[in-house]
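Dear colleague,

I am handing over the structure we spoke about, with notes on what was found in it. Please read them with the model open beside you.

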Amino acid sequence: MRYDAIIIGGGHNGLVTAWYLARAGQKVHICEARAIVGGACVTEAFAPGFRNSSASYTVSLLQERVMADMRLADHGLRIVPRPLGNFLPLAGDYLKIGAGQTQAEVARFSARDAAALPAYEARLERLADQLRRLALMIPPGRGLKGLAALAVQGWPLTGLDVAEQRDLLALFTRSAREFLDGWFESDPIKAVLGFDSIVGHFASPGTPGSAYVLLHHVFGQTNGVKGAWGHAIGGMGAITQAMAKACAAAGVSIGLEQPVASVNIAGGRACGVTLADGRVLEARVVASNVGPALLFGRLVDRAALPADFARAMDGYATGSGTFRMNVALSKLPDFAVLPGPGDHHGAGIIMAPSLDYMDRAYTDAKANGWSRAPIVEMLIPSTLDDTLAPPGAHVASLFCQQFAPILPDGQSWDAVRETVADLIIDTVTAHAPNFKASIIARQIHSPLDLERKFGLVGGDIFHGRMSLDQLWAARPVLGHGDHRMPIPGLYLCGSGAHPGGGVTGAPGHNAARAILRDRRFARLRV
């Protein structure tokens, strides 16, 4: 079978690329290894009557243009906002962020910090607008076209005043701790804001460059509200199910249980794929939604790559330090510092009281494989969505950070995953004493599980480290940030391309634009 384009991987970005290509009249096929479309953006049952988002777990970064173009709402997608942004339980106290309460809440810990907060938020919002502007642009590549793109994309930065330019430089180069210490003095607000700097980032808030990861997580929006987070009714799989419906309506074919064994190359060009069962599918274009480490480490013959590119990919950094769990609960967690039901149950509940705590968690994980006092964010989506659990019961997502992709001393994640899961449960129970006793069932995804199940090398939820040397025009490597890989006809359309990780749809959108531009130029040459 011959296609205009084959997409490797049916995750959300692969679906986005496929849809835009099909809308332009291309014959497109998606090869998805699993029996369900959606990649890491799926909803699955994990106990009788209970289902939840399996890996990705919350909405903010999904591009509104992508949602509108694909008419995802018409295909059943509904996103609701969180009633409260974040809840930080502390020893004998707590901090709430959002719902108009933030400044008053912060003032309980520091009047100076409360006064500084509006200026901080305005500054970060101004800088986040630069990321929003760049998110749906193809980064500069090589040659004169690359220089032209650099000028076009970089010129608006001159509109920032000097203080804003300094902060932008600091966000790309300095640690989250340094950046936040320049604004605030109290631990709770720095913990809530600093948490974003280590999400999907196996590093400390004191690691240089971690401030950018903080910024990356605030450039999204929910239902038109900038920086807000929300929940997709039906779980994150509702997003990719709506995308799959849009693709089907556009004529895209989706092959499930079609793992790709290799990218085929003939005459120096990508010309299709060979499936694990030996079948060969031909195409003029191959777009990879799997990460660069998987694509170039397992699917592309190294001999077909330029030596400098192969060497650069040898140094491509992966491993987000993430351990992901879902639990089925007979009742809501009851927090010692704020008993009873409330808006905090609909928030992102962060169990990491200070940047020092986060530092220790990272240091411990580096030395021992996992932190004995891990960082945990809990969401309870069933408080907003009654389709996920039986009446009166709940599901909770546990996003846990500082777990080494590769354990020291020859240890295996298979041998310790249950022990580590117990530790995470105990960490939550220390804040909500009824939590452990209310657990009916649990689903565990160690870094190794994330790699096996979703193809995330090193368990990296972002398809590669979000550091200055792997961002924008340098994602995955400098010279190939424009989605065009060194083998003609081979493109990168997943989170290993600009603008990086999260459920955004932006890499898929931009890759489709690059492919269609090249197809138009090819036709003109013919």
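Predicted model: local features only at pLDDT ≥ 70, side-chain atom pairs only at ≥ 80, totals over all residues.

Residues are numbered from 1 along each chain as its sequence is written, and side-chain values use heavy atoms, with hydrogens and water left out. Helices (H or I, at least four residues) and strands (E, at least two) are DSSP runs, numbered from the N terminus.

Buried here means under 20% relative accessible area, exposed over 50%, and partly exposed in between, with a 1.4 Å probe and protein chains only. Not counting residues up to four places away in sequence, Ile 375 touches (heavy atoms within 4.5 Å) residues including Phe 195, Met 351, Phe 399 and Gln 402.

The structure holds 14 aromatic pairs, where rings of Phe, Tyr and Trp (its six-membered ring) pair if their centres lie within 6.5 Å, and planes under 30 degrees apart count as stacked, over 60 as edge-to-face and the rest as tilted. Phe 172 and Tyr 212 form a stacked pair, at 5.1 Å centre to centre and 20° between the planes; Phe 172 is in helix α6 and Tyr 212 in helix α9, 40 residues apart. Of these two, Phe 172 is partly exposed at 22% relative accessibility, whereas Tyr 212 is buried at 6%. The ring centres of Phe 323 and Trp 413 are 5.8 Å apart with the planes at 55°, so this pair is tilted, and it links strand β15 (residues 322-329) to helix α14 across 90 residues. Both Phe 323 and Trp 413 are buried.

Helix α14 (residues 413-429) has 17 residues and reaches 23 Å from its first C-alpha to its last, close to the expected 24 Å, a span defined as 1.5 Å times one less than the number of residues. The helix bends by about 25° at Thr 419, the bend being the angle between axes fitted to the seven residues ending there and the seven starting there. At the start of α14, a side-chain oxygen of Ser 412 reaches to within 3.0 Å of the backbone nitrogen of Asp 414.

Most residues other than glycine have a negative phi, and most peptide bonds are trans. Cis peptide bonds join Arg 475 to Pro 476, with omega about 10°, and His 498 to Pro 499, with omega about 0°. Ala 99 has a positive phi of about 55° and is exposed, with a relative accessible area of 52%, whereas Gln 402, with phi near 85°, is buried at 0% and is found in strand β18 (residues 394-403).

Notes
Polar contact = N/O pair within 3.5 Å; in protein donor to acceptor, adjacent residues only side chain to side chain.
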